[in-house]
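Reader: I am new to reading structures. Please take me through one part of this one closely, and then show me what lies around it.

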Amino acid sequence: MAPARGNLRGGRALVKSTWLSWMQHRGFFYLVAFSWMVPLLIYLFVWSTAAGEGTVGGFSRGELVGYYLVLILVNQITFATNNWTVGDAIRYGRMNLLLLRPLSPVWDALASEVAVKVVFMTFAVPLVAILALILRPALDITWQNVLAFVPALVLAWALRFLWGYWLALLAFWSTRADALLSLQESLIFLLGGQVAPTALLPPLLQKAAVVLPFRYMLAFPVEILTGQMSTSQILTGLTIQAGWLLVALALFVAVWRAGLRRYSAVGG
């Protein structure tokens with residue numbers, strides 16, 4: 001990992017400056033945020049229509065609406081936008097400038113993450129609130145679930161961020177590393193609760209979702225908040241989520257160090 005040259009004060013300043021810059025172009029970012037919502041809104045209407053006045057796989061129409069509205073917000077929070085720019089920074093030499101800063105390049109990524117989340121949520125929260133008034137979701141949220149949801153959400157963001165970051169760092173060796181990011185998002189779409197809640201997936205995919213990291217990047221905190229999991233399932237899920245985060249961190253450190261050595265060796 002890059003030396004810990006950064007400090008919290010410098011990081012906060014970078015977040016603030018990035019946020020102020022992006023707020024000047026918030027119309028563009030609102031369009032991006034809405035484009036992320038569209039597929040989830042489609043599946044919301046598909047599954048809620050399929051349920052009708054009955055249920056689908058034990059989910060009522062209101063429960064499916066509630067699930068997808070929470071999923072929309074969680075996806076806005078956990079989606080790591082900056083991972084798609086890391087490869088360009090390496091390929092086109094911008095990484096040189098980042099390495100010359102008194103802060104680690106990781107701070108630049110984190111500043112972008114925090115800034116874009118604030119901008120996106122100023123659009124996503126009011127829109128989801130309006131949809132909730134219209135569609136009337138059935139949500140039975142308890143304090144216990146909220147308390148478990150918060151760490152699960154933080155871990156989901158960290159896992160999605162670090163997993164995508166180490167994949168993006170493969171641009172040190174390949175110009176097509178972004179294809180792996182696309183594969184990751186496809187697996188999150190399939191196993192992370194977007195195409196359907198995990199409980200509605202075929203048995204084989206359900207088993208894969210429990211074992212692989214992609215569910216824990218998105219669907220897992222949603223399932224906690226919407227009351228789909230028992231206490232033992234929550235504890236097991238948090239353990240698996242933390243385990244995958246450690247794997248992602250180890251891969252990030254290893255790829256970063258090896259990538260910097262190669263970058264320096266070829267004159268980067």
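This is a predicted model: local features need pLDDT of at least 70, side-chain atom pairs count only at pLDDT 80 or more; totals for chains, interfaces and linings use all residues.

Author: Start with the lining of the largest pocket. Helix 11 gives the largest share of that lining, four residues. Helix 11 covers 231-265.

How much space lies in the largest pocket? About 420 Å³. The lining of the largest pocket counts 21 residues. Closest to the centre of the pocket are Phe59, Ala199, Glu223, Gln228 and Met229. Now sort the lining by class. Nine of its residues are nonpolar, eight are polar and four are charged.

Next, go from the pocket to the cavity. The structure holds one cavity of 30 Å³ or more. The volume of the largest cavity is about 30 Å³. Which residues line the largest cavity? They are Ala80, Asn83, Trp84, Arg160, Leu181, Gln184 and Glu185. Helix 8 provides the largest share, three residues. By class, the cavity lining has three nonpolar, two polar and two charged residues.

Helix 8 leads us to a loop. Threonine 175 sits in the loop between helix 7 (143-168) and helix 8 (178-191). Is threonine 175 buried or exposed? Its relative accessibility is 63%. The cut-off for exposed is over 50%, so threonine 175 counts as exposed. Now compare sequence with space. Threonine 175 and isoleucine 90 are 85 residues apart in sequence. In space, their C-alpha atoms are 9.5 Å apart.

Step back to the other end of helix 7. Arginine 136 lies in the loop between helix 6 (105-135) and helix 7. Arginine 136 comes after helix 6. Arginine 136 has a relative accessible area of 68% and is therefore exposed.

Look along helix 6 itself. Helix 6 has 31 residues. From its first C-alpha to its last, helix 6 reaches 43 Å. That is close to the 45 Å expected at 1.5 Å a residue. Yet helix 6 has a kink of about 35°. The kink is centred on methionine 121.

Finish with the aromatic rings. How many aromatic pairs does a search of the whole structure find? The search finds 13. Tryptophan 163 and tryptophan 166 are both buried.

Trp157, Phe161, Tyr165, Phe172, Trp173, Phe252 and Trp256 form one cluster. Trace these residues on the model, then go back to helix 11, which gives four residues to the pocket lining.

Conventions
Residues are numbered from 1 along each chain as its sequence is written. Side-chain values use heavy atoms; hydrogens and water are left out. On a 1 Å grid over the protein atoms alone, a cavity is a set of points where a 1.4 Å probe fits but cannot get out, and a pocket is an open set with protein on both sides within 12 Å along at least five of seven lines; lining residues have an atom within 4 Å of a point. Grid points are joined across faces, edges and corners, and a volume is the space filled by probe spheres set on the points. Helices (H or I, at least four residues) and strands (E, at least two) are DSSP runs, numbered from the N terminus. Ala, Val, Leu, Ile, Met, Phe, Trp, Tyr, Cys and Pro count as nonpolar, Asp, Glu, Lys and Arg as charged, and the others, Gly among them, as polar. Buried means under 20% relative accessible area, exposed over 50%, partly exposed in between (1.4 Å probe, protein chains only). The expected span of a helix is 1.5 Å times one less than its number of residues. The bend at a residue is the angle between axes fitted to the seven residues ending there and the seven starting there. Rings of Phe, Tyr and Trp (its six-membered ring) pair if their centres lie within 6.5 Å; planes under 30 degrees apart count as stacked, over 60 as edge-to-face and the rest as tilted.
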